Amino acid sequence: MTNAKNIKLEIKDLVIGYGDRIVLQDLNFHVRSGEIFCIMGGSGCGKSTLLKHIIGLFRPQSGDILISGQSIVNATAEERRLIMRHFGVTYQGGALFGSMTVAENIALPLREYTDKSRQEIEEIVNEKLELVDLAGFGNFMPSELSGGMCKRAGLARALALNPDLLFFDEPSAGLDPITSAGLDRLILSLREQFNTTIVVVTHELDSVFAIADRVIMLDKASKTIVADGSPADLRAHSENAWVREFLSRDGLKRNAGEQ
Amino acid sequence: MAAENNNRISSFFRTAGVQIAEPVVFIGKVVSQFPSLFRKRGFRRKEMLYYLDLCGAKSIPVVTLICFLMGAVLGIQAALQMRKVGTEIFVVDLVGFSVLKEFGPLMVAMISTGRAASAFAAEIGTMKVNEEISALETMGIDPAAYLVYPKLLAMLISLPLLAVFGDAAGIAGGMLVGSSLNIPFQAYWARTIAVLDQMTFLLGVAKTLVFATLITLAGCYCGFRASSDAQGVGRGATSAVVLSIFLVVVADAVITLLYSFIGY
């Protein structure tokens, strides 16, 4: 295993589900350091459920999830909390704490886990706000921000502790194409500036082609991964017709029509 | 048929098991986080002050009014009976003891189930819908410790204080009725001081510490187990109120029994 050090996230024989119902099985994949990796699939195939397992919110039925070589599945509660501090998560709606201002939201992990002074924290908060293009919005309450701004503020909070691994849950959901493209640029620049490993759950094709180095496609019927590779490569050469259709413009139109 | 019955029985026990296990697990989680209060920044003063205001200061008017009326109603009912045998002065004893031992603490607890338990459940339920609970978890912050302890501490401080207000208002209510029974304020007050002792007052106030704990845990528990949708939050708030009223009344019965062993 010469490249073991380069692997940021590794999923081994993972089976996930609720009670007796299996949602996804036979999951095996890894994400390399500095890679932008997309998890794709149709609605209801279990993309978000898979993400919730990877970030340690749910326990899988079997298999293992290694983050920087440490198993989040077999960790004790205390170890799991330690692992969690090393990655950031941006939730669909931003998941900002409604009782705090945007700046307090971003400051929370810093106050919790660092010995930084009030002034140092304020500087970091302003720096992160600038990074996500929200300079000057620190004193706003989350309810005063638009959906896109909430997501960016959530991203700023996820970046507070400078994690080297970032998870995004449906970053473009509910955003207009221009805002969504802006978020894509932000994701790319994060990787460029900090070499952050980024895992994105999405079904937005435009986004995937713009940012992803590699994608996996999940299928609802077979409950497992049906394709793994670069998006352009899969669109042109995948042996699976459904994958080609999903990734091509025709597939997109047909999908949009179904919704 | 037999197999079907067996299935039904086993599913009944499984459901019953979950019903019992869930709250026990929740309480275990909360208790296990107790040491975190003493860690650096484990004690969240700002949040606690917010709940102190919500559950304490903002409840004073309604607690005072309700306990005043309760004392007056008790006084009237007692007077109607006592008058028959010409022992109106015992109205003072009855109002005084009932308010200090039962109605003061109990009314405060009832108002808190409506104000605090439902608010706690709705707040935590909404946080669940917005994925704020997940966000706390993935930040490595334990939601049970982060969300329950500031509320619990605020309730443990505010409920006994509210009970003092409630006790005073209840006796004032009795006094008002007394004056209409030709018991002047001075006589009423003198009798009140003569029959009531410190211990009765303190034991009554001490009850609210138990009520505060039960109401907070019931409210937070119903919030955490609420399903993640708008209806779920509403149902969570409702069941928080129902559960805490039930727990408070049961606890009151048990405590009254225990107090009777030590002669109060």
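**Strand pairing in chain A**

Guide: Strand 1 (residues 7–18) and strand 2 (residues 21–32) of chain A are antiparallel partners, joined over eight bridges. Strands here are DSSP runs of E with at least two residues, numbered from the N terminus, and two strands pair if DSSP finds at least two bridges between them. This is a predicted model: local features need pLDDT of at least 70, side-chain atom pairs count only at pLDDT 80 or more, and totals for chains, interfaces and linings use all residues. Residues are numbered from 1 along each chain as its sequence is written, while chains are lettered from A and ligands numbered from 1 in the order in which they are written.

Visitor: Which residue is the bridge partner of Leu9(A) in strand 2?
Guide: That partner is Val31(A).

Visitor: And what lies between strand 1 and strand 2?
Guide: The two strands form a hairpin with two residues between them. Gly19(A), in the turn, has a positive phi of about 60°.

Visitor: How many bridges join strand 1 to strand 4?
Guide: Five bridges do, and strand 4 (residues 62–67) of chain A runs antiparallel to strand 1. Within strand 4, Ser62(A) is the bridge partner of Val15(A).

Visitor: Changing topic, what is the strand order in the open sheet?
Guide: The order of its six strands in chain A is 6-7-8-3-9-10, with mixed pairing. Strand 6 (87–90) and strand 10 (224–229) are the edge strands, each pairing on one side only.

Visitor: What does strand 10 pair with?
Guide: Strand 9 (residues 214–219) of chain A is joined to strand 10 by five bridges, and the two run antiparallel. Val215(A) has Gly229(A) of strand 10 as its bridge partner.

Key: Helix = DSSP H or I, 4+ residues; strand = E, 2+ residues; numbered from the N terminus.
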